[in-house]
Amino acid sequence: MSGATADAPSLTGHRIAVLGAGANGSGIGADLARAGLDVTFVDQWPANVETIRQRGVRVESPTGAEVTEVPVLHLCEAAELRTRFDVVLLLVKAYDTRWACELIKPYVAGDGVVVGVQNGMTTGDIVEIMGSHRALGAVIEVTAAMEEPGIVMRHSGHDRSWFAVGAPDRASEHHVPTAAAILRHAGVVEITDDIASAKWMKLVLNAAELVPSAILDLSIADCARFEGMREIMLEAGNEAIRAAQLLGLRIRPIFGMTGQAASAPETFVETVLDELLAEYVLPHSRSTVLQDWSKGRRAEVREINGAVVDALTRFGEPAPVNRAVVELALEIEAGRLTPGTHLQAVLAARIADLRRPTASARPAVADDPYPLRRT
């Protein structure tokens, strides 16, 4: 990856949509609006739309709070649009990618672009729907929460908000400088010529930290300190590294890290997890998965840990840690388990069971069979 750019393109006249105005979408969009860019939010949470419309977006950070007025539309109001967007920043959940692209597709300019600023391996879905010439992928590391509509708690400042942008196909390479210039108003941006590997490296970290910490109902930092959990988190990430190798992806640094430890398969997970804990999250930062569960929503379990299970299963290799994580997470989403530290022993026992030579690969949830989804 490289952070170097040629002369930044002018963004004058560019109409930008942020599709998905949750914690990250609203925080990033507010940054763009304060920079003077032409930004419109499109969101599916009615209370959030109405609050932003009436009061603006309030972003609270360790350095203070700012309120920014941004035009906002509910999904059903998108059909009233009479103009098209030049750039759409897609910040919906990974599992909402396909329908969100179909929704916004009629409102993207002929030479416009949709940028998947998301966790998960969503770039292929965007390409399939928008066409290879109108699709970019992006990696995001922003720590934020939205517990009330219209209010973002931003835990990572500009210098600790990180993005990587890349084109999945040469047909869309000309959009990369524009997308990078936009996102630089919200954080540090690197341009990559291998967006698939960069996104999987973020998935490696996500597999280690997001769902495991949510299962225990702990902040990411507290989970890493809880007895026995750091080892489980590292093992989940290392299974994702093995999947990357089998998929032919490169083990490469993210977050601007350098050095052999940040690019070696044996040390990548520990290095990136420690970087996250030291520089990118606060002691009380909760994962997006736990935030979703607190609102009664399903989370990106299948799109993160489930993607690791699917990839390793495809190559005939086991994924005991990620499989156990998925099983417990789906039990929580089904209402049969309650998140908490008491589940550490349950998780460890299930991992041990799956490692036995005669272990059953059947999930604990009978009506949710594997494979989860294609990666």
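In these exercises Ala, Val, Leu, Ile, Met, Phe, Trp, Tyr, Cys and Pro count as nonpolar, Asp, Glu, Lys and Arg as charged, and the others, Gly among them, as polar. The model is predicted, so that local features need pLDDT of at least 70 and side-chain atom pairs count only at pLDDT 80 or more, while totals for chains, interfaces and linings use all residues. Residues are numbered from 1 along each chain as its sequence is written, and side-chain values use heavy atoms, with hydrogens and water left out.

**Exercise 1.** Describe the lining of the largest cavity by residue, by class and by element.

*Solution.* Begin with the term: on a 1 Å grid over the protein atoms alone, a cavity is a set of points where a 1.4 Å probe fits but cannot get out, and lining residues have an atom within 4 Å of a point. A search of the whole structure finds one cavity of 30 Å³ or more, and the volume of the largest cavity is about 30 Å³, a volume being the space filled by probe spheres set on the points, which are joined across faces, edges and corners.

Next, list the lining, which consists of Gln118, Asn119, Gly120, Ala138, Val139, Lys199, Lys202 and Leu203. Sorted by class, these residues give three nonpolar, three polar and two charged.

Then turn to the elements, where helices (H or I, at least four residues) and strands (E, at least two) are DSSP runs, numbered from the N terminus. Strand E8 (135-141) and helix H6 (195-215) each supply at least two of the lining residues, and the largest share, three residues, comes from H6.

**Exercise 2.** Which strands does the right-handed β-α-β unit contain, and how do they run?

*Solution.* The unit is made by E11, helix H5 (residues 176-183) and E12. Strand E11 (residues 162-166) and strand E12 (residues 188-191) run parallel and are joined by four bridges, where pairing requires that DSSP finds at least two bridges. Within this pair, Phe163 stands opposite Val189 in E12.

**Exercise 3.** Is Phe255 buried or exposed, and where is Phe255 placed?

*Solution.* Phe255 lies in the loop between H8 and H9. Because its relative accessibility is 5%, Phe255 counts as buried, the cut-offs being under 20% relative accessible area for buried, over 50% for exposed, and in between for partly exposed (1.4 Å probe, protein chains only). Phi of Phe255 is near 65 degrees, a positive value in a residue other than glycine.

Definitions and conventions
1 Å grid on protein atoms, 1.4 Å probe; cavity = no way out; pocket = protein on both sides within 12 Å on 5 of 7 lines; lining within 4 Å. Right-handed = clockwise from strand over helix to strand, strands pointing away.
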